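Biologist: I've got a model open on my screen and would like to walk through it with you. Can you take my questions as they come?

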Amino acid sequence: MKKTIQSLVALATLLFCTVALNAQMTISGTISDKNGGLPGVSVVVKGTTTGAQTDGDGKFSFTAPKGATTLVISSVGYTSQEIAIPASGVVNVTLADSDNVLGEVVISTGSRNTQRTVTDTPLPIDILGASDLKMTGQTSFDKALQYRVPSFNSVNTPVNDATTLLDPWEIRNMGPSRTLILINGKRKNLSSLLYVQFSPGRGETGVDLSAIPQDAIKRVEILRDGASAQYGSDAIAGVMNVILKDKYDYTTLNINMGTTTSKGNAVATPIPGNGYGGNYSVALNSGTNLGGKGYINYTVDLSQSNSIVRSGIVDIPTEIATFGDGAGGAQDQLIKAYLKDYPTGNNINGSGEITAAKFLVNGGFKIGDNSEIYANAAMVKKRVLSYANFRQPYWRQDRGLLHKATDNGGKNYITAATLAFSEDAVDLYKGYIGYVPTFEGDLSDYNATIGARNETNGWKSDLSLTVGGNQQSYTVDNTVNRTLGKASPTRFKPGGFGFKHTVGNIDISKNVTDKFGIAFGAEARSESFTIVAGDTASYSGEGANSFPGLNATNAGTNSRFNIGAYVDLSYDINEDFMINATGRTEKYSDFGNANVWKISSRYKLADDKVTLRASASTGFRAPSLHQIYAQSVQASFVNGFIQLAGLFNNRSAQARALGIDALRPEKSTNITVGAGLNPMKNLSITLDYFSINVKDRIVYSSSISSSSATSTLGKILTNAGVRNISFFINGIETNTSGLDYVVAYRNIPLGAGKLTANLAGNFILKNEIVGTPNDPAAIKSDNASILNAQIKSLLVESRPAYKSILGFDYSLDKWVVNLNNTLIGPTAFRDLDNGGGDMNYIKAVFKPAVVTDLSIGYSFNKKVSVTLNCNNLLNVLPKWDLEFNPITPGANPTGEAAAKATLADPAKKSLLRGFLGFSGRYDILGYNGSQFSQVGRMLNAQLSFKF
């Protein structure tokens, strides 16, 4: 009996060991390419999420579940392989280069339903890998997109103020507020800054793209189509989804140094780096894998960019026309003498000094075979310094109030007749050459998401909570508040802004059959916008010169809440023909409901060599809280008197008196029709037509005044105690249409290496205001309009009419060379009339330009590489001239003849050109209609370590 029991125990032990061995098996090995071990390769058991990624030497190891028979091995840029698991569990594989580097990447943008590849989607989508961004040599994410994505445009202004913190950007000429930004599929918070300068993006806000560290990005997916039905408000022009690096492969340390090759024109005020704009950064990306079940990936990015000075030479005749006495008197002589010694007027125009620290972490952890928790968080801190226009002594004479006015060693530019304060002795101004107010900005931007995913019986669910915010505070120094006289401080805190949101999402999907999929979900979001008052001295009376503070009466916090839900249906009629439909409803606490839909389809033919695709949708954009509640009333000196003017929110008594309704959501209709061709193995071509109609588009009005105190408008302004008023209003309808095209020819044999050629472009066919603006009766009866010629020009012609990027990538052994040529089309701008009526018939036109970028990379070994970049190789700067272009041709032959005479007379033309660029201060970097963000040739070197 004892032997029998021992035999049974031995048999049970053998069976247990056999089951255990069959239940789990260790899989290990090395994945290589022709150059050796390949890091970052995904190795998973087919049909599951169990697996690992290779380390820096291409090695991997994990425990496979019971019944595992096949491994799927894949990496971007290589042909995927399926390998049967050998009995030994040891797998060594060499991957071959892929013919289509990104074409088979599974995308997560564009549909809430089944994820598809780029070649299979019914929508136009751009995908940029981390290497694409790196090869631009640009120091920030937004500037890298400028030279990789044809439909993306960004611009910097020469006098930056708060825009030093973040530049306006846009897709398809639709402004920064009509593209939705996602981080790993979750909504990114807006900036708290409302752009109010006369530059593209005026009256809007957007996400701070420069806050996202490039070294944390795995890839970027840009949906070039309206997507409000899938994602809600803001997705009129499209959606940008930033996918973060996830599983830990290896640690990278990137050290960057760069500079422009010109310091610009000399100025009296010392500038760090002498105006060359040197930039320095260190970026670390690292992390760890958590026992094969999870990962943590983090990035730390520290950077410093010095000021770039590109001040223009001040035009003396225009300066005399602006500040002189016009009779050759003392003031005129002062201007001539000053500008002889200081041709730039000591202006420091260009880009500001930026110091930034960026932190980002992304993680995930499996719970069982079918569930995962995930999280990511980011924080950026920025400190910026920029300069207002230099206050020359013939413009502002505040020496008696300042303690840091700039001297030149004794030369006197001041006469008794030009003193602002008669009690001050002339001797006080000896050596005084003026002063330059500084603007200092502090920005804090954060976002964080935590969520859980699960798959049960084919039902996929994703539950998440996202928070985010952006706070900005400002300081102005070396300036005065004249109203306070000698009691004025010289350093002010003019206040700031804050924005934050909390977003909850639940998304559920299932492939009901192999042809039919369904998805549905809901979102709840709360938002708040805060105006922070400045110190009393910053806004009292005239306010701080150059940047008056935010009045305490306008300060406060306003909030709202909205909920939304969607349903998404996808049906593959056959393997070639599919259709997708989405419907969404939203309810906002401050304006009511919005209901939108979208339908898209794709059809393949000629053995998948030809793909036809199309979509039609409606969309909406809720007015931002900034546009609803922003209000700032400022004082300025006009003819010796203080006059109040500014922005009144459309819930104010003044707006109600003018008959301005509360802001409503914008409504859009999008149509996209396109085709994709793959005529041969390595050649792909896509062409897409798009049309975007926006009704009730929200605009920031012109500054409106009345010529009659007895008119309705005049009485409203008088009762409000102001001379000028501006506001936000659902004022216009716009039509924007164009073409996007992409041609890619890969793996072209060239010598011992391979060449890839890419041509991508965006061509605007139409960008127009439909009909006339919705002018309130009180404004119309005073022969005024909410949009003057200047604002209309900003909206419809201040961005490039076309943009095309021709790029070549060549790889040879350890060398990688990239050459990009970006053709930027013309832009135009019609400024305010200078009193002579010329700008009714003349506008400034920026000429087309080609910006060439060259990048050369060399890998010393698998762990050390260097990349040298020369951006704007040929040192191209925006160039513009004046052209005859009447607003209404033939309406005033006399005025047209006078305008032609102005253009024909060199002196008159030069004077008018001077008025458009503030006497030449902005001749290099146009203040209003700048064509593209370029400050000359820039050299950059990056040293990369992997370990």
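Biologist: Which way does α5 pass α14, in a right-handed or a left-handed crossing?

Modeller: The crossing of α5 over α14 is right-handed. A crossing is left-handed if the near helix is turned anticlockwise from the far one by less than a right angle, and right-handed if clockwise. Before we go on, this is a predicted model, so local features need pLDDT of at least 70 and side-chain atom pairs count only at pLDDT 80 or more, while totals for chains, interfaces and linings use all residues. Residues are numbered from 1 along each chain as its sequence is written, and side-chain values use heavy atoms, with hydrogens and water left out.

Biologist: At what angle do α5 and α14 pack, and how far apart are their axes?

Modeller: Helix α14 covers residues 906-916, and α5 packs against it at about 65° with the axes 8 Å apart. Axes are lines fitted to C-alpha atoms, for helices over the stretch in contact, and angles run from 0 to 180 degrees between N-to-C directions. On the α5 side, P317, T318, A321 and T322 make the contact, and on the α14 side S910, L911, G914 and F915 do. Contact means heavy atoms within 4.5 Å. Helices (H or I, at least four residues) and strands (E, at least two) are DSSP runs, numbered from the N terminus.

Biologist: And how do α5 and α6 pack?

Modeller: Helix α5 (residues 316-323) and helix α6 (residues 330-341) sit at an angle of about 140°, and their axes are 10 Å apart. That crossing is right-handed. I316, E319, I320 and F323 are the α5 residues there, meeting Q331, D332, I335, K336 and L339 in α6.

Biologist: New topic. How many residues does the largest nonpolar core have?

Modeller: It has 30 residues, and Y474 and F728 have the most contacts inside it. A nonpolar core is a set of buried Ala, Val, Leu, Ile, Met, Phe, Trp, Tyr and Cys residues joined through side-chain atoms within 4.5 Å. Buried means under 20% relative accessible area, exposed over 50%, and partly exposed in between (1.4 Å probe, protein chains only).

Biologist: Which elements give two or more residues to this core?

Modeller: They are β22 (371-387), β23 (438-456), β24, β25, β26 (516-532), α8 (625-629) and β34 (683-700). Helix α8 gives the most, with 3 residues. There's also a second, separate core of 25 residues, which includes L128, L133, F152 and A216.

Biologist: Now the strands. How do β17 and β18 pair?

Modeller: Strand β17 (residues 279-290) and strand β18 (residues 294-305) are antiparallel over 12 bridges. Two strands pair if DSSP finds at least two bridges between them. Within that pairing, L284 is opposite V300 in β18. Their hairpin has 3 residues between the strands, and G291 has a positive phi near 55° there.

Biologist: What joins β18 to β21?

Modeller: Another 12 bridges, and β18 and β21 (residues 353-367) run antiparallel.

Biologist: Is A606 buried or partly exposed?

Modeller: A606 is partly exposed, with a relative accessible area of 46%. Its phi is also positive, near 55°, and A606 is in the loop between β29 (592-605) and β30 (610-621).

Biologist: Last one, what's the mean pLDDT?

Modeller: It's 84, with 86% of residues at 70 or more. pLDDT is the predictor's confidence in each residue, from 0 to 100. Over residues 11-22 the pLDDT is below 50, and that stretch has 2 contacts beyond near neighbours in sequence. Residues 412-429 also stay under 50, but the model gives them 41 contacts beyond four places in sequence.
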